[in-house]
Amino acid sequence: MNFDFAYVLEVIPAIMKYVPLTLFMSILAMVVAIVIGILLAVMKESQKTLLRGFTSVYLSFFRSVPTLVLLFIIYYGLPQLFPSLTAMEAVTAAVIGLGIKQAAFLAEIFRAAIISVNKGQMEAGLSVGMSKLQTAYRIILPQAAENALPGTGNTFISLIKETSLAFSLGVTELFAEAKMMASSSYKFLESYLAVALVYWVLIIIYSYLQRILEEKLSKPYRT
């Protein structure tokens, strides 16, 4: 069996220095996804046919297009139509592409979370003299946030993993560095196993933090 475990231990420290970039892209893309996702969720419930129609097309398109294809369209394709975009950095293109794609999934998560809150709670808030905005902020949204957290967390996990596609745009991140080390050493199994272990640890840490947050959010509603 030709497997060099010592080389795995050598690769891990070398690629760990790219963890901040991976997290940076993931967090920024998540912010973009959350903002757009909230807007889409609101538009989906709008009484205006045009807004609902736009949202349906957006969700259908971005849920269907492969992430890699979308990144190529943004980074290589759009500059043909808008020459000013040729100055766009690869990291920026990756963040935008990942963000607008995951927004399509978050929109449904947010919409379902809001709908899951009993409508009677809005009526109860209004009955004690609170405005609709106050009721939504103090009563509806905290419960909706708790309901949306598991799905939102899964989306963030997907974002962390999908940042590996940024290497196709020339971004040197975790996977790109492991790929270059594999090409130079010809130890492909060891290099790719090392990057897999790093991603695994990142997801374990995030999942643990998310579980703590879920427990804290659920405490006020426990009986």
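1. Helices (H or I, at least four residues) and strands (E, at least two) are DSSP runs, numbered from the N terminus. The model is predicted: local features need pLDDT of at least 70 and side-chain atom pairs count only at pLDDT 80 or more, while totals for chains, interfaces and linings use all residues. Residues are numbered from 1 along each chain as its sequence is written, and side-chain values use heavy atoms, with hydrogens and water left out.

2. Overall content. The protein has nine helices and zero strands, so that the order of elements from the N terminus reads α-α-α-α-α-α-α-α-α. Taken along the principal axes, the box filled by the C-alpha atoms is roughly 70 × 50 × 25 Å.

3. H2 with H3. The axes (lines fitted to C-alpha atoms, for helices over the stretch in contact; angles run from 0 to 180 degrees between N-to-C directions) of H2 and H3 come within 8 Å and cross at roughly 130 degrees. That makes H2 oblique to H3; angles under 35 degrees count as roughly parallel, over 145 as roughly antiparallel, 65 to 115 as roughly perpendicular and the rest as oblique. The crossing is left-handed, a term for a near helix turned anticlockwise from the far one by less than a right angle, with clockwise giving right-handed. From H2, Ile36, Leu40, Met43 and Lys44 meet Leu51, Arg52, Phe54, Thr55, Ser56, Tyr58 and Leu59 of H3, where contact means heavy atoms within 4.5 Å. By class, this contact has seven nonpolar, two polar and two charged residues. Ala, Val, Leu, Ile, Met, Phe, Trp, Tyr, Cys and Pro count as nonpolar, Asp, Glu, Lys and Arg as charged, and the others, Gly among them, as polar.

4. H3 with H5. Helix H3 (residues 49-64) packs on H5 at an angle of about 120 degrees, the axes being 8 Å apart. H3 and H5 are therefore oblique to each other, and their crossing is left-handed. On the H3 side are Tyr58, Leu59, Phe62 and Arg63; on the H5 side, Ile100, Lys101, Ala103, Ala104, Phe105, Ala107 and Glu108. The classes here are eight nonpolar, no polar and three charged.

5. H4 with H5. The axes of H4 (residues 67-81) and H5 (residues 90-116) come within 9 Å, crossing at roughly 130 degrees. H4 and H5 are therefore oblique to each other. Their crossing is right-handed. H4 contributes Thr67, Leu70, Leu71, Ile74 and Tyr75, and H5 contributes Ala90, Ala93, Ala94, Ile96, Gly97, Leu98, Ile100 and Lys101. Ten of these residues are nonpolar, two polar and one charged.

6. Second largest pocket. H2 (19-44), H5 and H7 (132-162) each supply at least two lining residues, and H7 gives the largest share, six residues. The lining divides into twelve nonpolar, one polar and no charged residues.

7. Glu162. This residue is in helix H7. Apart from neighbours within four places in sequence, Glu162 is in contact with Thr67, Leu98, Lys101 and Gln102. Glu162 and Met25 lie 137 residues apart in sequence, with 9.9 Å between their C-alpha atoms.
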